[in-house]
Amino acid sequence: MKLSLTAWSFPACTLEECAAISRALGIGALDVGLFYRSGLNKSEILSDPTAAAERLKPLGVSLPNYYHLFGEGLGGQNLSLPGTITQNINDISKVLTFADAANIGSVFILPGTVNPGQSREQAAQYATESLHALLQVASHHRAKLCIEPHVQSWAESPALVQRLIDQTGIGLALDYSHFACLGYRQEEVDPLAKHAVHVHLRQAKMGHLQAKFAQGTLNFPAMFATLRDAGYQGHLALEAVHQDYMNTLSEDVLTETIALRDCFQNWKG
């Protein structure tokens, strides 16, 4: 296992500056996405994925993962919204072409929300149908497609996520903080580790999606060992953030990033 840094952790920094921070911290890997000053151009990815990939080559870091959002915000064009499958198939084909050209190892998307008029079960059924179609496209690409179960999605419990995996075979961008925020114990999330394609790290506790390293409840050394014992050999992305979502505005991102980095390096020995 090795570390990566999420570009959206530093909203005021350009993509080049985020890459430079990653190198300065001795990490040398950067997850990329569509948000803040470092955000990639979604329109270019969907219209000319090869050209979009070329723009990333001068960064001088490896690119383990790309976070793609189909529509605007959590609700737009989400996986559980009826009528979106055809457009999402077209989009993910371009996205995975871009990822392959940029040598990005995996792409994560969100599982969808409970849309107006839906039940959670109806959202789950439509998302399952969507994922079957998207995984067919992904089977023709090197980059692995995965989902991140998150607060405010329909897939908020380990049991619902496991059922989705059983029904589709989808892998995970696994982030314990979303489950900890909702009150699930770490040991309840651990069985999902064997399905991880990518991993996000940040401290959290019940009611708080993000907490200061010394004030959260996640036991990172235990988490690292669980992932290792499950056979995970990929990147652990340091994802302390400064954003409005779920009131994650209070922490010093650089300090928290370094604390997580040091915790992993100390455990690794």
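Predicted model: local features only at pLDDT ≥ 70, side-chain atom pairs only at ≥ 80, totals over all residues.
User: How many positive and negative side chains does the chain have, and how far apart do the centres of the two sets lie?
Analyst: There are 19 positive and 25 negative side chains, and the centres of the two sets lie 4 Å apart. Lys and Arg count as positive, Asp and Glu as negative, while His and the chain ends are not counted. The place of a charge is NZ of Lys, CZ of Arg, CG of Asp or CD of Glu.

User: OK. How many helices and strands are in the chain?
Analyst: Ten helices and eight strands. Those are DSSP runs numbered from the N terminus: H or I with at least four residues for helices, E with at least two for strands.

User: And what is the radius of gyration of the chain?
Analyst: The chain has 17 Å, which agrees with the value near 18 Å that a compact globule of 269 residues would have. That radius is taken over C-alpha atoms, and the globule rule is 2.2 Å times the number of residues to the power 0.38. Along the principal axes, the C-alpha atoms fill a box of roughly 45 × 40 × 35 Å.

User: What percentage of the residues count as buried?
Analyst: 57% of the 269 residues. Buried means under 20% relative accessible area, exposed means over 50%, and partly exposed is in between (1.4 Å probe, protein chains only). The accessible surface of the chain comes to about 11,100 Å², and 51% of it belongs to carbon and sulfur atoms. Those areas come from the Shrake-Rupley method with a 1.4 Å probe; for residues, only the protein chains shown count as cover.

User: Let's zoom in. Which residues of helix 1 are buried?
Analyst: In helix 1, residues 15-24, the buried ones are L15, C18, A19, I21 and S22. Looking down the axis, they fall within an arc of 160°, so they line one face of the helix. The arc is that of the directions from the helix axis to the C-beta atoms. E16 and A24, on the other side, are exposed.

User: What covers the buried residues of helix 1?
Analyst: The cover includes strand 1 (2-6) and strand 2 (30-31).

User: Where is G26, and is it buried or exposed?
Analyst: G26 is in the loop between helix 1 and strand 2. It's exposed, with a relative accessible area of 61%, and its phi is positive, about 75°.

User: Which residues other than glycine have a positive phi?
Analyst: Q77 is one of them, with a phi of about 55°, and N103 has a phi near 60°. Most residues other than glycine have a negative phi. Q77 sits in the loop between strand 3 (65-67) and helix 4 (85-101). N103 is in the loop between helix 4 and strand 4 (106-109), and N103 is exposed at 60% relative accessible area.

User: Switching to L40: is it buried or exposed?
Analyst: L40 is buried, with a relative accessible area of 14%. L40 lies in the loop between strand 2 and helix 2 (42-47). Leaving aside neighbours within four places in sequence, L40 is in contact (heavy atoms within 4.5 Å) with residues including L15, V32, Y66 and F98. L15 is also among the buried residues of helix 1.

User: Last one, F213. Where is it found?
Analyst: F213 is in the loop between strand 7 (196-201) and helix 9 (220-229). At 28% relative accessibility, F213 counts as partly exposed. Beyond its neighbours within four places, F213 is in contact with Q203, F220, E256, A259, L260 and C263.

Conventions:
Residues numbered from 1 in each chain as written. Heavy atoms only, no water.
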